[in-house]
Each structure stands twice: as C-alpha cells, then as structure tokens.
Amino acid sequence: MCNLNEIALKYKTARTGCERRVIICAGTGCIANGSLKVHAALKRIASERGLDVTIELRGEEKHDVLLSQSGCQGFCQVGPLVTVEPEGFLYTHVKPEDAEEIVHTTLQNGKAVDRLLYKNPADHSPCKTTQDIPFYSRQTRNVLKECGHIDPESIDEYIAGGGYEAARKAWLELAPEDICTTYKEAGLRGKGGGGFSAGVKWDLSRKQASEDKYIICNGDEGDPGAFMDRSILEGNPHSVIEGMLIAARGSIANHGYVYVRMEYPLACKRIRKAIKDAESHGILGDNIFGSGHSFDIQVMEGAGAFVCGEGSAMIASIQGGRGMPRTKPPRSAEVGLFGKPTVINNVETLATVPQILRYGVEKFRSIGTEKSPGTKAFALTGHVVNTGLIEVPFGSTIREIVFDIGGGVIDENGNIDNTAFKAVQIGGPSGGCLTEEHLDVPLDFDSLSSIGAMVGSGGLVVMNKSTCMVRIASFFMKFTQHESCGKCVPCREGTRQMLELLEDITEGRADETTIPLLEDTAETVKITSLCGLGKSAPSPVLSTLRYFRDEYEAHVNGKYCPTRECSALVPITIDPKICVGCTLCKRSCPVGAISGTVKQPHVIDPGKCIKCGACIEICKFKAIS
Amino acid sequence: MKPIIYINNRPIPLEGEKNILAVARKAHIDIPTFCYHSELSVYGACRLCLVEIEGKGIVTSCSTPPREGMRVFTHTKQIQRLRKNIVEMLLANHDQACPTCARSETCSLRSLSAKLGIENVRYRKTKNPKEKDLGSIALVRDPNKCVLCGDCVRYCDEIQGIAAIDFTNRGEDVVVSPAFNKSLADVGCVNCGQCAAVCPVGAITIRSQTGGVWEAIQDNDQKVIAQIAPAVRVAIGEMFGMPSGEVTTGKIVAAMRMLGFDLVFDTSFAADLTVVEEANELLKRKSAAGKLPVFTSCCPAWVKFAEQSHPDLLPYLSSCRSPQQMFGSLARNMLPQRMGIPQGKLTVVSIMPCTAKKYECARPEFRTDGFQDVDFALTTQELGNMIKEAGIDFASLEPESMDMPMGMATGAGVLFGKTGGVSEAVVRYAADVLGEERPDSIDLDEIRDIKGIRETEITLGSTTLRLAVVHGLKNAAYVAEKVLSGELQYDIVEVMACPGGCIGGAGQPIVHSSEERQARAKAIANTDKISPLKKSHRNPFIQELYDTLLDEPNSEVAHKMLHTHYTSRKRIADESISLTGSSTQERVKVRVCVGTSCYLRGAHDLLANLLKTIEEKDWAQKVDLGATFCTERCDKGPSVAVGDDVLHFATLDRVVAMIQDSVRA
Amino acid sequence: MTDTLQANRSFRKVIEILDQHQRDPKMIIPILQAVQEEYRYLPQEVLVFVATSLGVSPAKIYGVATFYSHFSLEPKGKHILRICDGTACHVKGSGKIITALREHLSLNEKKKTTPDMLFTLETVSCLGACGLAPVLVVDDDVYGQVTPDKAIEIVNELKKQEGHDV
C-alpha cells in the first residue's frame, strides 16, 4: 500500500541534498526552440567544470546540481526558459552556447547572467525572477502553478508537494455523497465551455444504479489557439489523475478515460507515464490506497476531429465510431460510454479538483467571483506584447489581461501602441468578439454570455486596428464549417452558406440581401443545431455583426474594407500628384464613378466604382492604382 | 386518469408515447421530419420536427419525451421561419430534377417545401455533382438527392444487420455510400431495397425495368406472360387512391391485359407448389435425421445474406426455389410447347413486391435452354407506373380472372405474402400428410422478447414440429447463430427480410407508417379466409402437375426443375492483399483466404504463423504470399491455395509441407 | 527482396495489432492509428481484413476512416509537413507559408503529396504551440516562428538528405 508521507519525506530529504536546481522547460514550445540541447549542454559543461550534476534524485546522495525538465511554463514566446533555484533566476532565449556562462556565473558563483534575463519591454529593465516579470506577477497561477516548477515525469515530486493526499482522503475518509456536496458548495464549474457545476454532474452520475461507471477526461482541446490542456497534461499530469480519482470517488466510477488530441504527442506520452507510475504506486488500479475499490485509466488518442470535444461525440469516438453527437436526453450521466453513466470533465477542471480538497472550499471561493469562483487559464495571443498561457481569477477584466499581463497592444509595425486596440476574440470559434467598451467587463461565465461571448475554451486573441473583423468572422467560420461533423442540417449546410456569404462580403460580391440573409442563417443555425458546436458556430458572426456592423456595411455598401485587409476591396484611387486632369478616365468609366474638371486631379467614388480596371488601363500617366 | 400534455393549447392524453412527435401524430398533427422513423433509433439530424415548449424553448420533438402538463406549440411564427430556412438549406444543394425523379410524387422534400410555401431558395449551390451508382441490378443510388437523414443507414444496420452502407467523410462532404465508395452491386447489399423504401427523397430508388417490358409487349412477335405475387394485390390500389389492403386481383388482371400481357398467372400457384415440395423436404429430413431446421428459401435477400455471411447455414436452407423461380421454370418448360412458340419468343415477367427478386431472376442458375426463367421482375410500383403511363383508370376497372392453369391458387399460396404464411401453409400440408385433423390456422405466439421473432410447437400425430418465424435479417442472423450453436432447436425457420414479410417489400407503394402494412397483412389473411381451398395440395392443377410432369414431390424431375443449390459468396468484391513485392524469380503462389468464415475458423492465426515461417526459412524469393477475401469455399475453411491446389481445413504444418513440395518441384 | 519482406512484416504487424487490441471492435480507432503508423496510410484491402477480424461491416470501417482527418486512404509521402493554421498562426501569417510551400513543391489544396512520394503537405487546426506561431511540424520536429523562406530551406535540407537535387 502506498504511503504518501514516506515518499514525500524521502523525496524532500534527497532534494535538500542538492544545492541548486536548474529547471529547463521541456514543453512543446521550448523543445521546438531547442531546450533539450540546452539541457545537454548544461549537463556536459557543468560536469566538465567539476560540478556534481544529477538528473534524478536517488536516496540520500548529495549533489551540487539537480538538472530537471519541466512542462510548459506558458511563456513560449521567449523560450527556451531556464530557471535556477534557489535564487529563482529566469533566463530566456537560452541557447546551448549560453551554458558556459550560466555554469560559471550562476552555478559556481551564484550571480545572475544579466544578458539572459527577461527585459521589461516598456523600459528594458532586467527582471531577475518571475516575480519581477509582469507577465507572471500579475497572474494568479493556481492550477498552472506547478507546471514549470516540477518534473512532470516524477510522481515522487508530485507527492512531495502534497499530491495525492486529497485523493487518498476522498477514497478513505469521505463518502461519495459528501464529495459531491463539497464540490457543489465550492461552486467549481466546468472550464471547458458550458460552465456546468462539476459537483452536480458527479452527483447525477452517482445516483444512477450501475455496476460500471466512467469518468472521461476531455483533453480534445481543439480550439485553434488554446493550449491550456496541453500545458497541464505536459506539465503536471498527476494533478489531472488526482482530479479524476476524486471525481471517480464522487460519482462512484470505476473506469476512466483520458481523451487527448493526437496533435499533442508529448502530452500523450507524459499522461501515459504518469498513469503507469500511479499504478505502480497503488494509486490507480485495484484496491487503491487499500480502500478495496478499484479505478483504472486508459488513454485514447483522438484521430483529428474537433467535434469530438463534444461529450456525446467523444463517447461515440471512444466506442470506435464516427464522432457524431447524439440528441439528448438521455444525458451522458445517465446513459454514456458503453451505455453506462459517464461524467465528462475537461483537463483544466480536473486539475483544479484536488486543490479544493487540499486547501478547502473557503480558500477556493476566496478567489474569483461569487458565481464563478476560482481561476481560469487563457491562451493569450495575437497583437499583444506578451503572448502565452496565463491564469487569472474569474472576474478579471480584459483590460488587466491585455495591458498588464499582456504588456499592451502592438500595432501593425510591431510597436507598443495601446491606442491600436480594436477587439479581443474570446472563446475561440464558439466565442465572440468584444470591443473597447467591454474592457472592464468581468470575465466570468455569466457576464460573458450576457454580451454574446463565452469563456469557451479560453482562447483570447487580441486584435489591433489593422484587423478586418469580417475576415476574422470568416476565419472562424471556415474552421467550424470544416470541423462540422455533417450530421444535422443547419450546421452542415448552414455553416457552409454562412461562409459563402462572408466570402461574398470580403470579396466584394455582396449586395443588400447579404447581411440580412447572413443574420437569418446565423440565427437558424444557433437555435436549431444539434450540438454545442453547431449552436455556437454563428457566435463569431453574430458578435462581429453586433459590434462592428459598420465594418460589414462598408464592405457591402461602400465596397470598401476599412482595414484594407480584403484585397478585393481595396479602392482604386487616383494619385492627385500625378493626375493632370486629361479626363480620359472619366470618359472611360462605365458607371460614372469618376468626377473632376479638366486639368484638375480627378477622384473616384468608391461607392460607385465596380473595379473594372478600365481607368487604370486607359491612364497614360499611371496615376491610377 | 391518464396524464396529459397540451399541444397548441389542446389537451392530449399520454399513452406511453416515447416522444412528443408521436403524441402530436396521435393528435392528428403531422410535424415534418425526415429522420424520424418509429422502427429505428432516434437520430435527430434533420431538425425539422422543432416544437416550442413553454419554459424550455425550441426542441426537436422526436427526441424529447413528453412530461405531464407540458405546453407544446407546433407552428409558432419562429418555428415556421426556422423550418423554412432549414428546408431552403437542403434545397440549395439538392438536385432539383423533380419532374424526372422516380420519387417525384412521393418525395417528402418536395411536398414539404410546397407545404411551407417556399418560393425561392436564397442560398447557392455549393457542392459539385457526384456520380450516381448504377451498378446494382435492383437499386440506383443518387447522392445528389440525398438529404443525409440516415434512415437507410440505420435500417440497413439496425433492422437488417448488414450495414452495407454508412456515412462517409465529414461535414459538407458527407455522403451515404458503401465501403470504399464501391457500387451496391459489389458489397454486402442483399437488394432488399428497404433503404429505398425509407428514403424520404429520391436518393435511393428502385432500378426500373419497365422499359424492357414495354419493348417486349410492343413487339408483336413476343408472347409476354406474367405472374403476380400475392402481396401485390393488397397494395397496388394505394397508388390509385384506394385504401391499403383493398384486394384488387381482378383489376390487376384486367389492367395487365389492357397493357398487352398475353397471359396473366398467379405466383400463388407456384407458392402452392413450393409448399408441397418444401413440406416434403422437411418431413424427409425429419424422418431421415437430415439437417434440421429447414430454413425457408423463398426470400432472395435472405438467401444472399446467408450465402455471404453464414456459409455454415447453407446446408440447412431448403433446396426449393422461390415461387417466382418455380413459376419461371414451369413457364419455360411448359408454355412454349403449349403456345406453339420457340423459347426465344416467350418473355416471362413477374410482378413482385420486392426489389431483390430482380437480383434473384438474374442468378445464372435460373435459366432454361439459355434463357432466363424470369426475364423481368417488376415491382408493384413499376406495374402501377405502367398502368398510369397507359392512362388506365385502374380504380374503375371491372375485375377479370387469371388465366389457367397457373392462375389457380389456394388460400395457402396467397399466405406467402405475409410473415408466418409459409409456415402456416406447410403445417396445413403436413397435418394432412400426418393424418391430423386440425384447424386451418396456427397460432404463433410472440414469446421471445425480441420483436420479429416468433416461435411455436405443433404436434401432428406422433410428430412435433417446432417452428420459428422471423422477419428482419438481423433477427434472422440472431436465430441462425443460436441454431448453429445448438442453443435453439427448430424443425423449420421461416425467414423474410422485410417488415411483415412480402407485404412490406420495398417494391410496394411507399408508405409512411406501419398501419398500411397491417391493413395489407389483414387483407392477405382475409383472402385466405374466404378462399374455398385452403391447402396447397388440394389445388387441382398442382395435383395435375404432379400427375403429368413432376411425378411426385421431390422427384428427380422436380429437383431438376424446382430446386436449386447455394454457394458461399464474397461480401466485398475484388479485394486481396499482396504480401509480396515484385521478384524476377518464379515463385510459388500461395493465397490464404481471410474471408469471414475462414477467419472464424482460424485463418488469422494461420496467416500470422505462415508469415513468420516464410521469414524464418527465408522463402521470400521462393514464395509469393497473398491474402484473399473468400475463395468461396467457406464450409471447408480455412482454405489455402498453393499453386493450383486448394487445401481445405488447412493447418500450418500441411501448408508448409505443401509449399516445401512445390518449392522442391 | 526488401519490399517483399517489408510487405510481409507490415502485414504481420497488422495481425499483431489486432491481437494486441483483442480484436475488439470498439478499438477500431487505436487499431487504425497503429495500422497507419505501419503503412503510413490505410490500404483498402487491409481495412477489409481489419473489418473481417473485428466482425464489423467494411462500410462502417470506411465511415470511421473517412471521418477523422488523421486517417489517410491514400499513401502519404515519406516526410509529412504540417503547417499549423490555428488562430495564432493564422494571425501571424501561416497562410503565406502554405502558399510558398505549395508553390515550391507544386502541390495544391487537393494534391497533398508530391509525385515522388517524398513529401505530404497538410494543414492542421492547432498544434498548441501558439507561443511559437507560425509553426511548421516536419515529421516529429517542431519549427517555430517560421517564415516562407525558412520553410523552403527546411524542405530543401530534407531533399538534400534524401539525395535529391534542390
């Protein structure tokens, strides 16, 4: 039987035997930037310089340096990241060539390598630790806290940090009913989209009479631009397993599945290893914690279908079928995987679960808002200085995220210019676009849905004034249209027609019927689609129509794209410096769009111009383009 | 008191309906739907059956269970608008060749868009035309008309247990198609045609053969004779505004004579003959400890199903040809001589409720003197269309009687039209033979919990007959497996692929509920009831036939003319796995069958071991190994071909030995 | 000789894969993933074999294989180039990389694999490496902050390794 205290004690003893610890980020982003080469270089050079380096803690051996790899730290943009403890120095953009200096200056002399420190983009002042970097210091990293600080492949380190204690308590000391009550009181809501109460979900499944019940961890993070699930699975897989264990106890489930996108090979590898380690520690499998109960977890890799993030489609996929959602009722908690009661929670929700038992309901509720307690991770990207994965309390505002954590907006030339802010797209293809007027709206489930957006997957794309909102709507529509499973008529046919209409608008083919038809179609798809994917597919269109209608109208009526992003709608103009007023163009224009008097520069009315190009061809002075 | 819900403010009592749609139908409100089918699982994809529930908003009525006190509204302004938009979306990409579509008059999309008053489709066509599947003899698949309601997919899977078609691709590219987009002719499709029957539009239709029949009729040199199956007479009236179940035998005969058929006979006559032959086969097998049970063989969809997925069952199948083919064989053997014409001048047409009969009559074994015994198998619908084309006012015709002798039938022969009928007819005959006086009707209790499987026991003299009656091929497969495993024991198992038997055949006029089928079944039973002759062998012309031509039941000549044999059949055409690269050397060709039956008999492990052996012995240059799907000798599997020799009941050692011999040679 | 052995081994692997998954029809997706790993696509006749082994209809297997974008029914190239076209990458110009690579390899939206079977070019909706946008994944290697020129350079490097002229 697994003795958590013993493992923790052993680990801590071993850990104190190491003077320094160097943590190299080995998330997907940093690995792509070469962090594993940095790891190798540090190991080689530190040894050459006479330091005793180990990559693994064993017993009570003493070492100079413990060289670890961590999961994603969220700030991939400035990776590879290297952290040195106990000082907490954070080095950015580290290359293998930098190893020499790090070893000499920091590992041997305890000083920071200034040139590798993060420089505050506003004043170029160096930041020694994460606490000095606004990107980190303004966040509230609870769920992501350990990601980047612990070795995701070490179950012992997870246990040493208090891990699996909550699961042990759940299985040995608490009744399933009490667990459900606790989580209902905590008000933990599903962070994958809808925001349904986790405790209520478990309780519904708990009440079903069935010998077999399932917990599915939804890691099919498909939103193009969100990667919190990947980061958690890569950086702290045991927190997800512990969450599943507690959910399983609460809903009296005996089998679990982790469904991960196949695009996340590292996440798959890490969660698989974590499951194996938990099994060998007696934390998963038969007779867990000696409770006499059993709970096992299997990993299923998705095969590339966004719609499988929808619960019933995911179930169909695990059962070996086409991932098509089904109608409800019955709900999955009643009739789910293999016909058995099934709870589906997403990765981030499950990773939050252990904290509530570990630190108590009060502590959890002290962060966030009354109805949306706790924190939420967002993938911040787009035209913003700092991009990456962030975690903030529910109720934080877009202003705080974009300007404090994100470090402000960048304009089309890459310079910081907060006046260039135009909109944020929140919640990915199911979410909506918000504008300046929403900068102070608290980000929580209810406030967002009241303004036509949703927390959704947590994608947060900042857009500056050079972004055409019709094109953004079109981009997301293209995505949902492509990912529609094709089962129900409105989603299959309606998204395609909406895409056609949007492309008509961006390519100058639209007329006065286009926008009303687009709205009518969006409304139909929203109300009548079978599943959440279809129902939310029109959100980007509806929200941009709501807040940027003038931009749509400029495209349609003025045949003009205000941002000039739509190349088909860039107006033809006459350069007044070159034009000599020969009137040739005026006479050649078939629609009378050109006006001007002889020997005076002429002007084209973009509203009338049909872009036939006749004027360009006829102008002898190349004044028209 | 029954709980009630309110539909459009009118109280409607609940009587165990599973969904609001069913309650509304009971209340005489026809909520539009493409994908709801009471016999299939709820799919919820067409989104047309929207209703508004007070306090709950807009939901699909097919998937929402009624709850006491619910207030449901079926045609609010918003719902009307949404429905119109959805239909418009479908119309945008629907091939609107309505005037030339076989389903023009029975198309739900066409009638719905008319009902909703859609005058203009605001959306544009976004999909490229797809190729039609014209490979099957029975069915035509046109993806350009498909609305993807999935009724066909679910019918083929849930009721027939075949799943010859499924959805493929995703999103806007979804189509319903057989595996690898092959033709229906090249996969496990048994031609039952129920996919066409449940299709709300013209995406799967019956392959019409009326052209060929018209040509024969209009050719003065040809004598065109016809046989009419029992189920046709209780359904064809539906195409002419008559109620389901109206028996129109005489009108059909009159109409067919008006069309130009020279002689019109009754398939029920051949059914009487089938009863005598099959009952004798049964009694013989029972007394001689032969293979029991006898599975009936009148349903060609079932026969193909058994051939391709249950080869072990083939020895149990009755060797009797179906009534259609018995008739065809008799016609070819008797009529040219009687009519004084050469074989080539006789065209034999059958009028069938069935699409699989088209496949059956084209099977190569059913030929006489090189001519197909039955040249054309028209469906009820096709005959109805011919009558319409000729402008005949069917409903007003005076009945005429069939031609003799093959127009004479007993009630037992007519019973073939519905499920349970064959069994009942056989029992009546057997009772007489075994000297038992008993009522003319047997009682099949629905005692198994699976609908569609009924069984009973009847004691006749000292003999007890155990009967099972099944419709739906999934049910048939269930019974077949239990019989093969010895779990269930019967003497005779009657199988019909279609719901309710032939009266529910896919060639019948399109119906939208099971009520029409019940009315047809009742009419068949009534025809039997009022029939003066109820036992097949009492048919005077049957007796005459044995006296003059066939000698006695199961005689040699009867076997030659009226019986057949079965062969196992590939489920999917033209597939084999080459496990060999090219080689300049001449190699021994080894082919392992990995078809279903051989697979079940261990071909999988055999192949794995063989692959290992070849590598161990370094035979790659000497052996050209491949896997093939079905050598069509399933009963003797696993089968392995080494060179030209086929090894049955193969084991690794024997195959290796054979290869060794060949390699040495 | 070698492709004989290869065909032989690949198929033996299929049999092994089926056995590892207990020939269980609900394991269709992992089985197809493993088969594709072996053949780099899903050959039709192997799918028929898998269908037979699992006792499901070939149409059903085909339906599953065509539903998921990861599965390919046509042979893929030796090297798979996947360009992320998720939001972050899209905003940062992944479209230009797609255009440049298609042009460089003479491919288009329908034609995804080069005739010499060396490269297959795919777009994916998000690789979850948004911090590095735009991202190109070549086989298992992730390249961040890619430009059209850099992408072509990567492809040319691979061509050289394969002994092709650039």
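Two strands count as paired if DSSP finds at least two bridges between them. Helices (H or I, at least four residues) and strands (E, at least two) are themselves DSSP runs, numbered from the N terminus. Everything here comes from a predicted model, where local features need pLDDT of at least 70 and side-chain atom pairs count only at pLDDT 80 or more, while totals for chains, interfaces and linings use all residues. As for labels, residues are numbered from 1 along each chain as its sequence is written, and chains are lettered from A and ligands numbered from 1 in the order in which they are written.

One residue to look up here is Ile24(A), whose bridge partner in E3(A) is Gln69(A).

Stepping back to the whole of chain A, the count is 25 helices and 18 strands. The radius of gyration of chain A (taken over C-alpha atoms, with a globule rule of 2.2 Å times the number of residues to the power 0.38) is 28 Å, close to the 25 Å that the rule gives for 625 residues, so chain A is as compact as a globular protein of that length. Its C-alpha trace spans about 95 × 65 × 40 Å along the principal axes. Of the 625 residues in chain A, 60% are buried, a residue being buried if 20 or more other C-beta atoms lie within 10 Å of its own, exposed if 12 or fewer, and partly exposed in between, with C-beta atoms placed from the backbone.

The C-alpha trace of chain C spans about 50 × 40 × 25 Å along its principal axes. Of the 166 residues in chain C, 51% are buried. Among the contacts in chain C between residues at least 6 apart in sequence, 59% join residues at least 24 apart.

Chain A touches both of the other chains discussed here. Its contact with chain C takes 37 residues from chain A and 30 residues from chain C. On the chain A side, helix H2 (28–32), strand E12 (375–382), strand E16 (459–464) and helix H18 (469–483) each supply at least two residues. H2(A) gives the largest share, four residues. Sorted by class (Ala, Val, Leu, Ile, Met, Phe, Trp, Tyr, Cys and Pro are nonpolar, Asp, Glu, Lys and Arg charged, and the others, Gly among them, polar), this side of chain A has 14 nonpolar, 17 polar and six charged residues.

Towards chain B, 26 residues of chain A are in contact with 26 residues of chain B. The elements of chain A that give two or more residues to this side are H18, helix H19 (489–506) and helix H20 (514–528). H19(A) has the largest share, eight residues.

In helix H7 (residues 249–259) of chain B, the buried residues are Thr249(B), Lys251(B), Ile252(B), Val253(B), Ala255(B) and Met256(B). Their cover includes strand E10 (223–228), strand E11 (263–266) and helix H12 (380–389) of chain B. After H7(B) comes Gly260(B), with a positive phi near 120 degrees.

Another glycine turns up in a hairpin. Strand E17 (residues 453–460) and strand E18 (residues 463–471) of chain B pair in the antiparallel sense over eight bridges, and Ile458(B) has Leu465(B) as its bridge partner in E18(B). Two residues lie between the strands of this hairpin, where Gly461(B) takes a positive phi near 60 degrees.

Finally, Leu473(B) lies in helix H15 (residues 473–484) of chain B. Leu473(B) is buried, with 29 other C-beta atoms within 10 Å. Leaving aside neighbours within four places in sequence, its contacts include Gln160(B), Trp302(B) and Ala497(B).

Terms used:
Contact = placed C-beta atoms within 7 Å.
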